[in-house]
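Here are some notes for a first look at this structure.

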Amino acid sequence: MKPKQSNKIHQGHKARKRFGQNFLIDTALINAIAESAEPQDTDHIVEIGPGLGAITGELVSSGAKITLIELDRDLVARLRIDYHRQLSEGRVEIINEDVLKVDLDAVHQKAADKPTKLIGNLPYNISTPVLFHILNHKQHFLSMTFMLQKEVVDRLSAEPSTSAYSALSVIIQHECYVEKLFDVPPESFRPPPKVDSAVVQMKPKAELAMPESDLPAFRDFVHKCFQQRRKTLRNNLKGMLEVEAIESLGINPQDRPEHLHLDDYLALFKLFQDKAA
Ligand code: SAM
């Protein structure tokens, strides 16, 4: 009897857990993800973690210029064979590096005359650091379409006063328009991940309420506000803002951080900055 093939082996490649490898096998879904980035032959599309090229094929056939960022050198070797023609024509480029170490400014500069779109079925174990790495270079990107753990997508797109609303929701929604596109069940991958997934699209806002240089301080401030989710704002902001100052904005210091809207956080931060000035 033929031995049953391991769930971890897909197209002859053994999935590496440490690289968060769960490969997409559902063709309709793969098409839906690629199409949601609306690839055009005039675009520059940067794919993070192309893996065995499930989404890549769709992107390449759009005629766009493609940059692939993949850490696993075995997969890079396969991609080099699959796309040898496009590589020699300069239509596809492969960067064999950890995306967290890739200079995204330089990647954008290679085709700065084209609109750049980011796409990726991201490795879940590093999705938050990857999101922040990208956020620091978001001005280069027209859109960012990512498959992530559903729980993270729910947080990115959460409305105030819901259980998923968190510091991440406020920080990302301040800088980008966020749209959750669809949920993806574990069966759509090989091997199947232990969690549900979802696809989200983010588009950077053209104008922000503060200069870029203030963003790290704002992100830090929001994290402090949510430090203890079950505690009141007054408690989380102890030593940073007085109760009277919070009240002067019409915000109840006894409220919990999850009930405040983005505008409330912007007003609180402005007060905090003015106090520190
Ligand atoms: N795009 C493929 C798909 O949908 O079938 C693979 C997605 S798999 C969830 C994540 C991919 O990211 C893997 O190919 C993995 O090797 C790659 N990867 C993991 N860590 C990475 C990193 N730090 N930088 C770049 N790629 C990484």
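Predicted model: local features only at pLDDT ≥ 70, side-chain atom pairs only at ≥ 80, totals over all residues.

1. How much space lies in the largest pocket? The volume is about 530 Å³. The pocket is lined by 34 residues, and the closest to its centre are Phe19, Gly49, Glu70, Asn121 and Pro123. Two elements give two or more residues to this lining: strand E3 (23-24) and strand E4 (44-48).

2. Now the second largest pocket. About 390 Å³ of space lies there. Of its 16 lining residues, Lys17, Asn22, Pro192, Pro193 and Lys194 are the closest to the centre. The lining divides into seven nonpolar, five polar and four charged residues.

3. Next, the charged pairs. Side chains of opposite charge can pair when their charged atoms come close. The structure holds 17 salt bridges.

4. Look at Asp43 and Lys117. They form a salt bridge, and their closest N and O atoms are 2.7 Å apart. Which parts of the chain does the pair link? Distant ones: Asp43 sits in the loop between helix H1 (27-36) and E4, while Lys117 belongs to strand E7 (residues 116-121). The two are 74 residues apart. Asp43 is buried, and Lys117 is buried too.

5. Glu89 and Arg91 also meet through their side chains. Their salt bridge spans 3.7 Å, N to O. Are these residues buried or partly exposed? Glu89 has a relative accessible area of 44%, so it counts as partly exposed. Arg91 has 27%, and is therefore partly exposed as well. The cut-offs matter here, because buried means under 20% and exposed means over 50%.

6. Glu175 pairs with Lys138. In this salt bridge the closest N and O atoms are 3.0 Å apart. Glu175 lies in helix H8 (residues 167-175). Lys138 lies in the loop between helix H6 (127-135) and strand E8 (141-149). The pair links distant parts of the chain, 37 residues apart. Both Glu175 and Lys138 are buried.

7. Which residues join Lys138 and Glu175 in one network? Glu212 and Arg219 do. Salt bridges that share partners connect these four residues.

Key: Residues numbered from 1 in each chain as written. Heavy atoms only, no water. 1 Å grid on protein atoms, 1.4 Å probe; cavity = no way out; pocket = protein on both sides within 12 Å on 5 of 7 lines; lining within 4 Å. Points joined across faces, edges and corners; volume = space filled by probe spheres on them. Helix = DSSP H or I, 4+ residues; strand = E, 2+ residues; numbered from the N terminus. Nonpolar A, V, L, I, M, F, W, Y, C, P; charged D, E, K, R; others polar. Buried < 20%, exposed > 50% of the residue type's maximum accessible area, 1.4 Å probe, protein only.
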